[in-house]
Amino acid sequence: MRTQVAVIGAGPAGLLLSYLLHLEGIDAVVLETRDREYVRQRVRAGVCEQPTVELLREIGLGARLDVEGLPHEGFSLRFDRADHRIALTELTGKSITVYGQQEIVKDLIDAHEARGLPVEFEVSGVELSGVDTEHPVVRYRDADGVAHTLECDVIAGCDGFHGVSRPSIPDSVLKTFTRDYPFAWLGVLARTPPSDEELIYAHHERGFALHSMRSPEITRLYLQVDPAEDLANWSDDRIWSELTTRLAVDGDFVLREGPILDKGITPMRSFVAEPMRHGRLFLAGDAAHIVPPTGAKGMNLAVADVRVLSRALKALLKGDPAPAESYSDTCLRRVWRAEHFSWFMTTMLHTDPDADGFARRLQLSQLRYTASSRAAATSLAENYVGLPFA
Ligand code: FAD
Ligand code: DHB
């Protein structure tokens with residue numbers, strides 16, 4: 001079998017890349033280890049930056065997003081039992097849209113299926129070879145266990161942090177940068193209307209909490225927990241009680257409770273692999289970099305990468321290697337900005353069990369400054385709504 005671009009992974013990065021390539025008349029095959037339903041239902045990120053939304057609209061994938069997505073012009077920083085609104089739109093002229101990552105993934109899978117574009121689910125044994133030649137090859141087994149060899153011009157490694165693409169680059173080539181945090185997020189999806197129209201990022205001595213949403217009927221909430229925490233220790237009652245404590249405010253806020261539909265614990269990590277390209281293998285999204293979720297940047301970075309990559313591959317396949325040669329540097333500028341912002345939001349909002357009195361006072365000072373200075377709030381807002389694409 002032969003294609004121009006073998007795309008490993010059907011997350012937002014892989015599916016969007018395949019679709020962008022299709023719009024440029026370039027053939028791609030997407031290979032995914034999980035099954036179709038799992039990929040469509042996996043609950044993850046929810047905040048789409050304005051550039052992400054504009055790109056989805058531009059390529060004709062904005063119809064459901066424009067009906068079901070929830071535009072937000074601000075959010076609240078909650079600390080000292082009070083709300084401090086970050087007026088995103090007033091400060092930047094831009095907004096964000098709450099639209100679940102799995103909805104974008106569903107829209108992309110539907111668009112592939114409507115156009116007969118190949119996405120193979122439930123593949124196994126994916127192996128990359130010849131990435132430092134002009135004719136790389138991907139070997140894999142399909143859902144029935146039949147072995148295939150996919151010859152291509154380029155491999156796009158969009159297979160997330162635990163995929164096989166990044167490890168296919170020799171250690172001598174790849175430099176990695178990591179920060180682990182002494183926290184994780186326990187995320188829940190609940191059938192209950194949001195308790196406020198806006199997102200609430202709450203700093204509390206017992207730990208960070210986040211109030212978000214997916215629709216007028218569905219609330220998304222997160223609690224900072226220990227990375228070694230066992231989900232079995234968190235009954236629904238305990239989750240609601242902890243959320244109520246951490247989101248408490250002097251005012252009329254009441255946390256609306258309801259049945260919990262989904263819960264999971266996500267570790268938090270900062271990670272960057274450089275360069276994002278080796279020969280004919282290009283990494284995009286979580287395969288190349290991870291951010292802690294506090295800045296809501298993970299999925300948006302994946303989108304930004306593949307926008308650059310689709311253009312670079314178009315040029316490369318037409319004989320112009322220059323954009324492909326600068327792919328890694330171009331992406332890494334945005335990646336490191338998002339790494340800093342995500343680290344900054346994480347550090348400002350979480351309660352570090354090992355922090356001393358000095359660190360705690362610095363943290364409170366940063367929160368108060370961000371909440372009271374138009375300049376500081378504008379800087380936060382500019383990063384949060386998404387810097388313009390390169
Ligand atoms: P992924 O979405 O990880 O997609 C990679 C795909 O590759 C997957 O479908 C995987 O099954 C597939 N794959 C893996 N190995 C192979 C292989 N060998 N062969 C073929 N396919 C393979 N960000 C936020 O901003 N907020 C959040 O609340 C948030 N929650 C998250 C929760 C979890 C559990 C995780 C893991 C991430 C979360 N993120 C969050 C980050 C955000 O979801 C990611 O940044 C985003 O999914 C990146 O998209 P991607 O396409 O690069 O990678
Ligand atoms: C959501 C996730 C985030 O990481 C964040 O910063 C804000 C909202 C969410 O899932 O809704």
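The centres of domain 1 and domain 2, taken over C-alpha atoms, are separated by 29 Å. In the domain assignment of the protein chain, domain 1 comprises 5–74 + 97–177 + 269–345, while domain 2 comprises 188–266 + 352–385; such bounds come from an automatic or database domain assignment. This is a predicted model, in which local features need pLDDT of at least 70 and side-chain atom pairs count only at pLDDT 80 or more, whereas totals for chains, interfaces and linings use all residues. Residues are numbered from 1 along each chain as its sequence is written, and chains are lettered from A and ligands numbered from 1 in the order in which they are written.

Where the domains meet, 13 residues of domain 1 are in contact with 13 residues of domain 2, contact meaning that C-beta atoms, placed from the backbone, lie within 7 Å. The side of domain 1 that touches domain 2 has five nonpolar, six polar and two charged residues, where Ala, Val, Leu, Ile, Met, Phe, Trp, Tyr, Cys and Pro count as nonpolar, Asp, Glu, Lys and Arg as charged, and the others, Gly among them, as polar.

Ligand 2 lies between the two domains, because both domain 1 and domain 2 give residues to the shell around it. Among the residues that surround ligand 2 are Ala45, Val98, Leu199, Arg220 and Pro293, a residue being near a molecule if its C-beta atom, placed from the backbone, lies within 6 Å of it. By class, this shell around ligand 2 has seven nonpolar, three polar and one charged residues.

Around ligand 1 there are 30 residues, of which Gly9, Gly11, Gly160, Gly285 and Gly298 come nearest. The elements that give two or more residues to this shell are H1 and H8, helices being DSSP runs (H or I, at least four residues) numbered from the N terminus.

These helices also meet each other: the axes of H1 (residues 12–23) and H8 (residues 298–317) come within 9 Å and cross at roughly 30 degrees, where axes are lines fitted to C-alpha atoms over the stretch in contact and angles run from 0 to 180 degrees between N-to-C directions. H1 is therefore roughly parallel to H8, a description used for angles under 35 degrees, as roughly antiparallel is for those over 145. The contact of H1 with H8 has twelve nonpolar, one polar and one charged residues.

H8 also packs with helix H10 (residues 327–349) at an angle of about 165 degrees, their axes 10 Å apart, which means that H8 is roughly antiparallel to H10.

Conventions
Angles under 35 degrees count as roughly parallel, over 145 as roughly antiparallel, 65 to 115 as roughly perpendicular and the rest as oblique. Two residues are in contact if their C-beta atoms, placed from the backbone, lie within 7 Å.
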